[in-house]
Amino acid sequence: MNFRKRTLGLLFLILFTSINNTFGQDKPNIIVILTDDQGWADVGFNGSTDIPTQNLDRLASQGVVFTNGYVSHPYCSPSRAGLLTGRYQARFGHDCNMPYHQENDATVGTPLSEKMMSEALKEQGYRTSAIGKWHLGDHPDLYPPNQGFDHWFGFPGGGMNYWGKSKNDIQTIYRNGKVVPENELKYLTDDFTDEAIKYISKKDDKPFFMYLAYNAPHSPDQATREYLEKTKHIEYAGRSIYAAMVNAVDNNVGRIDSTLVANNIKDNTIIVFLSDNGGRIEHADNRPYRGHKGMLFEGGIKVPFFMTWPKKIRENQHYQNIVSSLDLFPTFLNAAGAKARKEKQLDGVDLLPYITNKVKSAPHDELFWRSSGNFEYAVRKGDYKLYKSAYKNKTLLFNLKKDSLERYDISDGNSKIIANLEAAYKKWDAKNIDPNWLDPHAENVLKEEKRWEQTRKKSTNSN
């Protein structure tokens with residue numbers, strides 16, 4: 001009889017464990033924290049000395065910092081499209097931000113035919129939340145609820161004031177399709193975090209995936225007195241306000257981390273932090289790298305980037321090989337117990353075998369970038385990087401092993417290397433389509449470079 005009871009008990013335990021696994025008890029929670037136009041050196045873990053980012057620095061030390069972490073595009077909307085689909089956005093013609101001064105229809109944005117990581121993770125039993133800036137389609141058909149997100153709190157457009165004051169349909173805060181009264185909003189960085197904490201703390205048997213896309217430190221430059229107090233040591237006013245906006249993110253990431261600890265779920269939660277592109281031209285710090293948001297120099301596409309998962313990832317790591325935001329989709333999917341290789345459209349790779357030293361080779365030998373069709377493009381292959389720059393009206397070549405700061409163009413005398421990289425680009429680009437719409441990027445590039453040249457020339461005038 002006792003043997004029979006023990007056998008039945010064992011069978012019950014096996015069945016209970018199986019049911020728990022089926023409903024995701026062992027699956028990690030996943031949080032992507034995305035900032036907007038934040039510079040490489042605007043966090044302490046990348047060397048910042050003026051902006052207080054103690055929470056981000058502490059979290060970075062608890063996992064792996066990607067010292068060569070790239071995004072797939074040098075500005076907002078296309079970069080987000082790549083991140084959430086795990087595909088080079090040129091594959092589906094999302095090369096540009098949405099046009100600014102027109103009413104956009106449902107063909108302008110990431111199409112519903114593209115599978116987002118939110119949809120893939122829902123298939124694995126996850127509840128899903130999008131909080132903050134969307135910028136992947138101005139039309140309601142393309143909003144988060146139609147892209148695999150159960151819960152949505154944020155605004156559709158590319159920029160918004162931090163006090164939550166509405167200007168139009170895409171610069172309005174919504175919760176699950178309903179307008180949030182402005183008197184319920186304080187400061188968006190805090191408001192987005194409040195909503196994230198409520199969602200994390202919700203009692204639910206399902207694991208969660210959260211895409212938390214702060215609009216900070218994108219313009220307009222607005223901060224509360226509390227955050228300005230933390231950066232009053234910065235004597236340059238513009239940088240001081242920008243730094244306060246970054247510090248607001250840091251403070252709120254600390255609140256999220258504390259919530260995970262309080263709910264006893266931090267150990268099995270993956271947190272990824274990164275910026276959508278390089279720092280903006282005003283007030284951000286991309287040093288030591290060349291360039292800024294919009295450029296395909298390293299300063300436009302290399303971003304602060306780390307991942308933590310206490311249950312699986314060893315702390316205090318700095319991973320040197322090149323990785324991409326495109327890698328997050330397959331990494332999350334495999335971590336959730338699925339098989340990313342079945343999603344044949346993906347361009348990224350699962351990073352976990354590499355950062356846990358199960359695989360010794362590099363995740364990538366090549367990465368590619370394209371802006372506004374072939375107006376500008378870049379290839380990184382091994383130590384070399386080719387950049388067809390509209391800013392400089394020239395195809396540039398750099399050896400990043402010897403010259404990571406891209407100071408010395410070595411295109412003269414290296415025609416074979418250039419031909420090899422251009423052939424690699426053409427092979428990659430053959431799988432892409434033309435941009436489905438255009439934005440003012442090409443026009444703005446030429447204006448910016450002209451101003452740069454005129455300002456430098458003016459400095460030589462002795463009169």
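Which residues does the UniProt annotation "domain: Sulfatase N-terminal" cover? And what do the salt bridges look like, pair by pair?

Reply: First, a caution: this is a predicted model. The UniProt annotation "domain: Sulfatase N-terminal" covers residues 28-338, and it comes from an unreviewed entry. The end C-alpha atoms of that span lie 12 Å apart.

Now the charged pairs. Side chains of opposite charge can pair when their charged atoms come close. With a cut-off of 4 Å from a Lys or Arg side-chain nitrogen to an Asp or Glu carboxyl oxygen, the count is 30 salt bridges.

Start with Lys 115 and Glu 123. Their side chains form a salt bridge at 3.0 Å, N to O. Lys 115 has 22% relative accessibility, so it counts as partly exposed. Glu 123 counts as exposed because its relative accessibility is 54%. The cut-offs behind those labels are under 20% for buried and over 50% for exposed.

Next, Glu 298 and Lys 302. This salt bridge spans 3.3 Å, N to O. Glu 298 is at 1% relative accessibility and therefore counts as buried. Lys 302 is at 3%, so it counts as buried too.

Then Glu 406 and Lys 385. Their side chains meet in a salt bridge at 2.9 Å, N to O. Glu 406 sits in the loop between strand S16 (394-399) and helix H11 (415-429), while Lys 385 belongs to strand S15 (residues 384-389), so the pair ties together parts that are 21 residues apart in sequence. Both Glu 406 and Lys 385 are buried.

Some salt bridges share partners. Asp 36, Arg 80, Lys 133 and Asp 276 are joined into one network that way.

A polar atom of the Ser 324 side chain lies 3.0 Å from the backbone nitrogen of Leu 326. Leaving aside residues up to four places away in sequence, Ser 324 touches Tyr 70, Phe 305, His 364 and Leu 367.

To recap the pairs: Lys 115 is partly exposed and Glu 123 is exposed. Glu 298 is buried, as is Lys 302. Glu 406 and Lys 385 are both buried.

Definitions and conventions
Residues numbered from 1 in each chain as written. Predicted model: local features only at pLDDT ≥ 70, side-chain atom pairs only at ≥ 80, totals over all residues. Heavy atoms only, no water. Buried < 20%, exposed > 50% of the residue type's maximum accessible area, 1.4 Å probe, protein only. Helix = DSSP H or I, 4+ residues; strand = E, 2+ residues; numbered from the N terminus. Polar contact = N/O pair within 3.5 Å; in protein donor to acceptor, adjacent residues only side chain to side chain. Contact = heavy atoms within 4.5 Å. UniProt positions renumbered as here; feature names shortened; annotations may be inferred.
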